[in-house]
Amino acid sequence: MQSPNLPGLRDVDLAGELSDLLGLPVKVENDALVAAFGEYMLLAEKPRSMVYLGLGTGVGGGLIHGGQPYPGDHGMAMEVGHIIVTPHGRKCGCGNLGCLEQYAAATGVIASYAEATGEQLLAHEIAARAKAGDSHAQAAYDLAGSTLGIAIAHLAKTLDPALVLIGGGMSQAWPLMQKALKDQLHQDLIPVLRDKTQIVVSGSGDQAGIIGAAYLTA
Ligand SMILES: [Zn+2]
């Protein structure tokens, strides 16, 4: 296994060593893909394919197809936070410019508000200001919504999922983002795909990852 955020951890058999220590089965998987699987397992009606987007400090993604998590050939499928939504845009930790998570994650909302006002607030403080009528705060969430709409349109055109499920801590600000998201998505989709993909916000709180991990080892 390897992780760009944990550079010292390369070619370590984490699952094997943990399993030996715990005496329990252990699997190592991407956190967003595990959360996607947890959300999927909680659905009463299971679609053939589902995309999960986890909005937090970054934007994670997971694809479930045919009832199974889809990790990709290199374990890197659905790195949706690094879909470029603004060419030549904000610098991202991955080295590229204009990645989705620089606009639609908490750090992106914070950056948008700071650019407009010079104030560094937390994302939930900006949400509170948006609800109180602060137009710069609402604009920061509008930009999060519209950039998510761009990314979801790309995903719908490539994967055609029945369902896009939005989770993660920042999904609590969904009412502030949904109009810009849906407007952008409608504009970007090809007509045959419009109104086909259901967009739903998670109701599982932060439990999806735990539930998905448990099902993976079942
Ligand atoms: Zn990036």
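**View 1. Lysine 46 sits over the ring of tyrosine 40.** In this predicted model, the charged end of lysine 46 lies 5.6 Å from the centre of that ring. Aromatic pairs are another matter: with ring centres required to lie within 6.5 Å, the count comes to 0.

**View 2. Helix α2 packs against helix α8.** Helix α2 spans residues 31-42, and helix α8 spans residues 208-216. Their axes are 6 Å apart and meet at an angle of about 85 degrees. Angles of 65 to 115 degrees count as roughly perpendicular, so α2 is roughly perpendicular to α8. From α2, the contact takes in Val34, Ala35, Phe37, Gly38, Glu39, Met41 and Leu42. From α8 come Ala208, Gly209, Ile211, Gly212, Ala213, Tyr215 and Leu216. By class, this contact has 10 nonpolar, 3 polar and 1 charged residues.

**View 3. Five strands form an open sheet.** The strand order is β3-β2-β1-β4-β5. Pairing is mixed. Strands β3 (68-69) and β5 (198-201) are the edges, and each pairs on one side only.

Technical notes: Residues numbered from 1 in each chain as written. Predicted model: local features only at pLDDT ≥ 70, side-chain atom pairs only at ≥ 80, totals over all residues. Heavy atoms only, no water. Phe/Tyr/Trp six-rings, centres within 6.5 Å; stacked < 30°, edge-to-face > 60°. Lys NZ or Arg CZ within 6 Å of the ring centre and 35° of its normal. Axes fitted to C-alpha atoms, helices over the stretch in contact; angles between N-to-C directions. Helix = DSSP H or I, 4+ residues; strand = E, 2+ residues; numbered from the N terminus. Parallel < 35°, antiparallel > 145°, perpendicular 65-115°, else oblique. Contact = heavy atoms within 4.5 Å. Nonpolar A, V, L, I, M, F, W, Y, C, P; charged D, E, K, R; others polar. Pairing = 2+ DSSP bridges.
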